[in-house]
Amino acid sequence: MNRPVRRAVICAIGLVLAAVAVGVTGAAPPLWGDRTANAGSKGAQRVGPALKTFPLFARNASTGELRAYEADGTGGLKSAYEVGGGFGEATALVQANLSEGGRANDLYHRAAGTLYYTAEHGNDTKVVGGGWDIYNTIVSVGNMGGTADPDLVGRDASGNLWLYQGKPDGTLGARIRVGIGWNGMTLVGRGDYTGDGKADLLARFGDGTLNIYASTGAATVDAVVGTRYAAGTGWQAYKTLASAGDTDGDGKTDLIAADTAGALWLFKGTGNTAAPFAPRVQIGTSGWAAFDVLF
């Protein structure tokens with residue numbers, strides 16, 4: 001990516017909610033705005049068929065402001081830049097690399113039960129659909145279903161997990177059940193943690209146990225994920241978990257975690273299911289407790 005989201009939105013989601021409240025129809029106001037002047041920037045880093053590196057976005061819990069942090073290629077993060085305000089009313093925020101041949105950093109956000117999609121470049125925020133308040137978790141998981149585009153996963157109140165296959169225009173295919181019994185887990189996606197070239201799903205249980213659910217690469221009911229691999233214990237020490245892809249530039253997907261004291265940690269991926277993460281490395285010393293969402 002590198003610079004395109006630098007000039008983003010002022011109170012965009014507040015405008016969306018205002019439009020909903022007064023019954024305005026059609027596309028919601030843009031989140032990112034028109035940044036075609038920046039179209040020459042690199043966008044998310046793609047090597048071959050697999051997207052490697054994403055920016056890490058963080059929402060300030062008290063102000064609703066969104067910041068973006070780009071990877072420095074060695075495991076750390078560059079200084080933050082402000083994306084914009086008005087994100088406090090969003091009940092879900094995820095990024096997905098759909099537009100511009102998979103090189104852009106696009107945004108899905110949910111407000112008042114409606115899911116919206118905004119491509120990184122352009123003026124339009126489109127309505128994807130209503131009724132998305134049935135999901136207590138929405139996660140961008142990369143390409144789990146076997147198409148060329150990244151997918152979304154939603155978990156409903158009954159613990160059922162659903163896959164929505166993404167399309168280049170930001171719309172989604174019909175939902176496919178991933179499985180049942182997924183309540184009580186913190187879910188993280190956007191990366192291949194098993195080294196087989198398929199996007200996997202991470203799940204942290206209430207007792208702090210972390211597991212990898214390997215993708216089968218098939219959009220088949222109750223068979224989207226297959227083998228489960230243990231990824232360690234003690235993960236309850238972290239307030240938030242997120243993936244920004246290959247943060248350290250070694251070709252393997254990493255995991256980022258913010259602890260309750262406000263420090264930020266990088267767990268470098270190994271691609272080895274027997275020991276999927278190397279020992280943690282601190283990449284942020286303080287202040288991360290202010291963010292309630294990392295994505």
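This report covers strand pairing and salt bridges in a predicted model.

Ala111 has Thr114 of strand 8 as its bridge partner.

## Strands 14 and 15

Strand 14 (residues 186-191) and strand 15 (residues 200-204) run antiparallel and are joined by four bridges. Val188 is paired with Leu202 in strand 15. Five of the six residues of strand 14 are buried.

## Salt bridges

The model has five salt bridges. One of them joins the side chains of Asp292 and Arg59, at 3.0 Å from N to O. Asp292 belongs to strand 22 (residues 291-294) and Arg59 to strand 3 (residues 56-60), so this pair ties together parts that are 233 residues apart in sequence. Asp292 is partly exposed at 31% relative accessibility, whereas Arg59 is buried at 9%.

Arg67 and Glu82 form another salt bridge, with an N to O distance of 2.9 Å. This pair links strand 4 (residues 66-69), which holds Arg67, to strand 5 (residues 81-84), which holds Glu82; the two residues are 15 residues apart. Arg67 is partly exposed at 31%, and Glu82 is partly exposed at 40%.

The side chains of Lys78 and Glu70 also meet in a salt bridge, at 4.0 Å from N to O. Lys78 is partly exposed, with a relative accessible area of 35%, while Glu70 is buried at 6%.

Methods
Residues numbered from 1 in each chain as written. Predicted model: local features only at pLDDT ≥ 70, side-chain atom pairs only at ≥ 80, totals over all residues. Heavy atoms only, no water. Buried < 20%, exposed > 50% of the residue type's maximum accessible area, 1.4 Å probe, protein only. Pairing = 2+ DSSP bridges.
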